[in-house]
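This report goes through selected features of the structure shown below, by topic.

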Amino acid sequence: MENAELKRIASQVRRDIVRMVAAVSSGHPGGSLGCADFFTLMYFEVMKQDPKNFTMDGKNEDIFFLSNGHISPVWYSVLSRRGYFPVPELNTFRKLSSRLQGHPTPEKGLEGIRMASGSLGQGLSNAIGTAQVKKLNGDNCLVYTLHGDGELQEGQIWEAAMYAAAHKVDNLIATVDYNGRQIDGDCDDVISLGNLKEKWQAFGWVVLEMDGHNFDDMRKTLAEAKAKTGQGKPIVILMKTEMGQGVDYMMGTHKWHGSAPNAEQLEKALNQLEETIGDY
Amino acid sequence: MIEIEVFGKKDTRSGFGEGLLELGRTNPDVLALCADLTGSLKMDAFQKEFPERFFQVGIAEANMISIAAGMTIGGKIPFTGTFANFSTGRVYDQIRQSVAYSNKNVKIAASHAGLTLGEDGATHQILEDIGMMKMLPHMTVIVPADFNQTKQATIACTKHNGPVYLRFGRPSVPIFVREDANFVIGKADTIIEGTDVTIIACGHLVWKSIEAAKELEKQGISAEVINMHTIKPLDEEAVLKSIAKTKCVVTAEEHMYHGGLGDSIAQLLARTAPTPQEYVAVNDTFGESGTPDELMAKYHIDTPDVVAAALKVIKRK
Ligand SMILES: Cc1ncc(C[n+]2csc(CCOP(=O)(O)OP(=O)(O)O)c2C)c(N)n1
Ligand SMILES: [Mg+2]
């Protein structure tokens with residue numbers, strides 16, 4: 001897909017995100033905005049999928065897990081814009097009886113979601129299980145995950161990292177939303193992540209890096225990651241992003257990790273994000 | 001006419017924050033640990049005033065619980081702070097082995113309990129925690145009813161040497177416990193005396209039960225309301241004394257039927273004085289996203305549900 005087209009979609013996705021969280025005065029815009037470009041590229045170009053015929057088993061399709069479930073707004077927006085479910089359903093986000101729960105769940109039958117997340121640190125293990133079954137089933141498609149960087153403070157992530165290398169889970173591409181921020185502040189001030197690249201390498205992973213706001217760089221890096229699958233090692237991409245990307249007052253701070261804009265702030269945000277495909 | 005004085009409205013987690021700050025000022029042994037939720041737990045005032053006694057552990061709850069257990073060796077009283085789900089289910093074996101079984105003086109401060117956490121949805125809305133915690137030997141389980149009581153309970157649990165699970169929440173609820181009330185662990189408060197039915201509640205369901213008692217009064221029914229702020233050890237005497245008078249009981253809590261306050265009361269009564277009982281609790285289902293009020297209504301743990309349960313149980317006498 002042309003970069004210009006991806007940009008158009010991502011702009012609409014960002015509008016969806018801020019409108020969704022503002023409508024219910026709750027939810028997580030910061031990380032969602034930061035990952036809007038990544039999700040757009042993954043769902044509109046990179047992953048092999050069948051949005052109109054969603055199945056839980058996803059045989060012969062690439063499968064995506066969102067381990068940092070709090071950034072559900074970006075996932076819901078992209079899933080609906082890609083045709084998994086009707087776009088107007090974004091209106092129900094976080095409201096009573098909605099399929100668009102605050103944190104994603106398959107319990108309500110929303111197309112595109114295969115595992116509940118929200119309690120951090122569990123998605124890499126889920127993805128490993130699914131990746132191993134793809135191999136058992138002779139299915140050559142890949143499993144992708146996304147994680148927060150703060151989320152990497154959870155011990156289970158490193159149990160999974162050790163397992164994936166030991167079991168040569170080489171059909172798995174994990175991405176870290178490396179925005180350097182979490183709820184209580186910068187990751188470096190909360191619990192420093194240290195040298196993430198060396199940590200993953202020491203655990204036996206192939207480590208790549210990319211700029212989460214540059215489509216060319218992401219396209220190139222994801223292609224390289226794909227090329228490195230099937231070689232006995234799991235792959236992780238450290239993706240540099242800016243929390244709140246696209247809305248000036250949400251950038252450069254952790255403050256918008258989990259706060260919704262009020263009406264006035266929403267308007268200010270929407271003025272910076274072009275309506276391209278059309279608001280829901 | 002039932003008249004209960006109300007002193008405004010506040011969230012119980014702020015009561016914890018104030019209690020912790022006061023402990024910081026009065027007891028140099030009190031420490032606090034938090035897993036990247038300092039603001040949500042209202043621990044920021046303590047952190048600011050006592051940075052050397054505050055430990056940010058990051059998003060690593062299992063590590064936090066086990067570190068806290070270690071910190072008791074040498075005489076400190078650590079409080080751990082995170083949401084109720086990540087304070088219990090997430091770290092059950094760490095609590096079981098290094099806090100309960102090792103009988104350590106750790107105070108587990110659990111916020112955002114139950115459905116009224118609201119829009120975050122079921123991943124965060126734990127309704128099983130009272131059961132998990134009360135099943136652990138040595139564990140004391142406290143569910144205070146309002147802001148003042150949460151503050152008092154926070155302070156009181158440092159006077160008890162042993163593991164404590166202190167459960168509170170996110171929404172703003174009416175304050176009716178007096179600021180100078182004397183909180184005693186394991187000693188229930190009878191808020192309203194009555195003769196036709198006993199309503200035993202914990203957490204903010206105590207307020208809902210008070211409102212239910214007012215409603216019942218209009219219908220000519222005299223309800224006794226007991227604030228069972230300590231689930232374990234249970235004030236059995238208070239229950240039995242009241243039941244001897246009313247001969248029926250409603251239990252009300254923001255928790256599953258299974259394993260909660262109602263369960264503790266039912267067990268006591270089954271062993272000693274079989275009595276008709278109705279539960280106001282969540283019936284074996286996960287919660288969902290919504291506003292706290294919507295969820296209380298949808299999952300039937302609101303004032304009208306307490307009233308209906310009382311009317312039903314009276315008929316069963
Ligand atoms: C096990 C667990 N502990 C705590 C939380 C509360 N929580 C939600 S998001 C978050 C911070 C996550 O930081 P990061 O992964 O960097 O995501 P970002 O803030 O960058 O979106 C925390 C502590 C949680 N959801 N799960
Ligand atoms: Mg982050």
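## Charges over rings

B:Lys10 sits over the face of B:Phe147, 4.1 Å from the ring centre. The model is a predicted one. In chain A, a charge over a ring is found at A:Arg82, which lies over the face of A:Phe44 at 5.8 Å from the ring centre.

## Aromatic pairs

Over all chains, the whole structure holds 18 aromatic pairs. One of these joins A:Trp158 and A:Phe203: the ring centres are 5.0 Å apart and the planes stand at 50°, so the pair is tilted. A:Trp158 belongs to helix H6 (residues 155–166) of chain A, while A:Phe203 is in the loop between helix H8 (196–202) and strand S6 (206–211) of chain A; the pair therefore ties together parts that are 45 residues apart in sequence. A:Trp158 counts as buried because its relative accessibility is 16%, under the 20% cut-off. A:Phe203, at 26% relative accessibility, counts as partly exposed.

A:Trp200 and A:Trp205 make an edge-to-face pair, with 4.8 Å from centre to centre and 65° between the planes. A:Trp200 is buried, at a relative accessible area of 1%, and A:Trp205 is buried as well, at 2%. Elsewhere in chain A, ring pairs link A:Phe38, A:Phe39, A:Tyr43, A:Phe54, A:Phe64, A:Trp75 and A:Tyr84 into a cluster.

## The sheet of chain B

Chain B has an open sheet of seven strands with mixed pairing, in the order S3-S2-S4-S5-S7-S6-S12. From one strand to the next, the twist averages 20°. Helix H3 (residues 61–71) of chain B packs on the sheet and touches strand S2 (30–34), S3, strand S4 (77–83) and strand S5 (107–111) of chain B. The direction of helix H3 of chain B makes about 165° with that of S4(B).

B:Ile142 has B:Thr230 as its bridge partner in S12(B).

## Surroundings of A:Ala131

A:Ala131 is part of helix H5 (residues 123–136) of chain A. The residue is buried, with a relative accessible area of 0%. Apart from neighbours within four places in sequence, A:Ala131 is in contact with A:Val143, A:Val169 and A:Asn171. A:Asp50 lies 81 residues from A:Ala131 in sequence, and the two are 18 Å apart in space, C-alpha to C-alpha.

How values were computed: Residues are numbered from 1 along each chain as its sequence is written. Chains are lettered from A and ligands numbered from 1 in the order in which they are written. This is a predicted model: local features need pLDDT of at least 70, side-chain atom pairs count only at pLDDT 80 or more; totals for chains, interfaces and linings use all residues. Side-chain values use heavy atoms; hydrogens and water are left out. Two strands pair if DSSP finds at least two bridges between them. Helices (H or I, at least four residues) and strands (E, at least two) are DSSP runs, numbered from the N terminus. Axes are lines fitted to C-alpha atoms, for helices over the stretch in contact, and angles run from 0 to 180 degrees between N-to-C directions. Contact means heavy atoms within 4.5 Å. Buried means under 20% relative accessible area, exposed over 50%, partly exposed in between (1.4 Å probe, protein chains only). Rings of Phe, Tyr and Trp (its six-membered ring) pair if their centres lie within 6.5 Å; planes under 30 degrees apart count as stacked, over 60 as edge-to-face and the rest as tilted. A charge sits over a ring if NZ of Lys or CZ of Arg is within 6 Å of the ring centre and within 35 degrees of the ring normal.
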